Amino acid sequence: MTLGATSYRVLARKYRPQTFAQVIGQEAMVRTLSNAIETGRIAHAFILTGVRGVGKTTTARIIARALNCIGPDGTGGPTVTPCGECVHCRSIAEDRHVDVIEMDAASRTGVDDIRDLTEGVRYRPVSARFKIYIIDEVHMLSKNAYNALLKTLEEPPPDVKFVFATTEIHRVPVTVLSRCQRFALRRVPIEQLVDHYRHIAEAEAITVAPAALGLIARAADGSVRDGLSLLDQAIALSGSGSGAAIEAAAVRDMLGIADRSLVFDLLETVLKGDAAGALDRMDSLYEGGADPLMVLQDLLDLTHFLTRLKLAPEAGAGDPLEAGERERARPLAAALAMPVLARAWQMLLKGLEEVQAAPSPAQAAAMVLVRLAYVADLPAPADLVRALTAGGAGSPAAAVAPPVVVAAVAPAMNRTAGVSPAPTAAPSIGGRDARGPSLAAAVVPTITAPQPASEASPGAELAAMPQSFAEIVALFDTRREAVIAAHLKANVRLVSFEPGRIEIRPTDAAPKNLTNQLGAMLGEWTGSRWIVAVSQAEGAPTLAEAEARRESVLRNEVASHPLVRAVLETFPGAMIAAVRERFAAADSGTAAAADEFGDDVGDDGAATEEDSS
């Protein structure tokens, strides 16, 4: 083995920043720390948070150098530009300074480890100006370890500083966060990563195509270290010793991603409804080395890009890859309707989960493309509703609507994509409020328990005498006795009722003391004596059973309506997800309003719409 091979340092270590000026993408943090050091307003504890590879540990070491640097002549003080030449700067850079203690909390999580640390806090620094404790992955500490650290962290000696780093800030106790200055390191933008990697490639005398740098920067996902590791891998793959340039095709092969132009072709083929052509293109990508999961991820990214481009024509201007794709994407974005893009996004998102869980990712990805192609030529729900309701007098849509209408019709294609219909954003049957890509149609309610005029509010001293068993249940709901109200609905059969006397037959699931509680609470709330008797008679069905029976009748009535049948026939495999009733009474005022289907009723006595699904 050659000496060069044994002494090689990976790019992530070789080009680790040594000063604040070399840290990229964290301008706000650098400015704050620089001002604090220059003015002498240095906190005793810092906590740095962010995704992996954005510079948390590197920043902690720069802070240690900045606070302990003494300059080349040995007379300097804390500085935002460590010299890198003094004994402290060199020792810290080489990870061998006795007063800069680094601890990995992922492997030393116990209270004993923290006690050893706090014991050392009592002693003054051996040679440096400050003793610096750097604790990486601090969220991994145990609860007892945090408790052992708290007092020392709040009032450390003046020559001790703490710097914590974590990727999961939400797992750090608030008591620790409140004692630290917090800095959130953000993901580094793609354009900054591309520029940074280009400078490193030039320093290494490596030629890298701009498109290849863009692919590496995008795959890095905001992490400088991840991108440098990929750049190292790309250099090894291309054989940089021969002087060959690193091309985008080599990086695509390395990452297992498809050519972006081929992803465009695949998406266009799928959205044209050409399932056979889409499968052929997918097979070609797979045989060329593309990962099926990455292909679906690219389709998802492209769908998102097209949606952004449709809403904001300047989308992707900062991304060197997307900026070059806008010309091809513009006509595709203009041709695709927003409901189609939203439906494709939902189905691809669900498809990613299926591919990850499937024993054969290639087969799962193919099935996702088949589903997308199948729904490509189906109309948007809003267009379907308009077409159905715009028919003439002889069309099914012109038939008189029943008192109930479909609450939510979930087409089979939407169910396949794993999307549940949104109950509050469903388009109106009348077509006046058909919105976006939601594949749900509007509908109407369940009958709620009657609200008695005599019902007392929770703040009233006494409630009026209930005149029915349903009013008693409503009273318990109003008084926030939800458990008893639930038992009265589900586990009590009413035998007879009159104000002041109830005869019931509890089911086996009812509590043994239910009758005693019922009589005592009613007497307390109404100021009158109540007799609650247990009977062996069969009694009426429970309120829950009556509600279920009523809902079954409503579903049958809805399913037989011509408009609903037309929707179900248009979307094979669709189902009625829920039913709600629009009006509480079928009087003349509500009957007139019922013809409007999608309009809420005002003060004419009709109930306003309330989704119960």
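**Helix contacts and aromatic pairs**

Reply: Ile-216, Ala-219 and Ala-220 in α10 meet Asp-226, Gly-227, Leu-230, Leu-231 and Ala-234 in α11, where contact means heavy atoms within 4.5 Å. The model is predicted: local features need pLDDT of at least 70 and side-chain atom pairs 80 or more, while totals for chains, interfaces and linings use all residues. Residues are numbered from 1 along each chain as its sequence is written, and side-chain values use heavy atoms, without hydrogens and water.

Me: At what angle do the axes of α10 and α11 cross?

Reply: Axes are lines fitted to C-alpha atoms, for helices over the stretch in contact, and angles between N-to-C directions run from 0 to 180 degrees. Helices are DSSP runs (H or I, at least four residues) and strands likewise (E, at least two), numbered from the N terminus. The axes of α10 (residues 210–220) and α11 (residues 224–238) come within 8 Å and cross at roughly 140°. That makes α10 oblique to α11 (under 35 degrees is roughly parallel, over 145 roughly antiparallel, 65 to 115 roughly perpendicular, the rest oblique).

Me: How many aromatic pairs does the structure hold?

Reply: Rings of Phe, Tyr and Trp (its six-membered ring) pair if their centres lie within 6.5 Å; planes under 30 degrees apart are stacked, over 60 edge-to-face, the rest tilted. The structure holds 5 aromatic pairs. The ring centres of Tyr-133 and Phe-162 are 5.5 Å apart with planes at 20°, so this pair is stacked.

Me: Are Tyr-133 and Phe-162 buried or exposed?

Reply: Tyr-133 and Phe-162 are both buried (under 20% relative accessible area; exposed is over 50%, partly exposed in between, with a 1.4 Å probe and protein chains only). Phe-476 and Trp-525 form an edge-to-face pair, 4.8 Å centre to centre with 65° between the planes.
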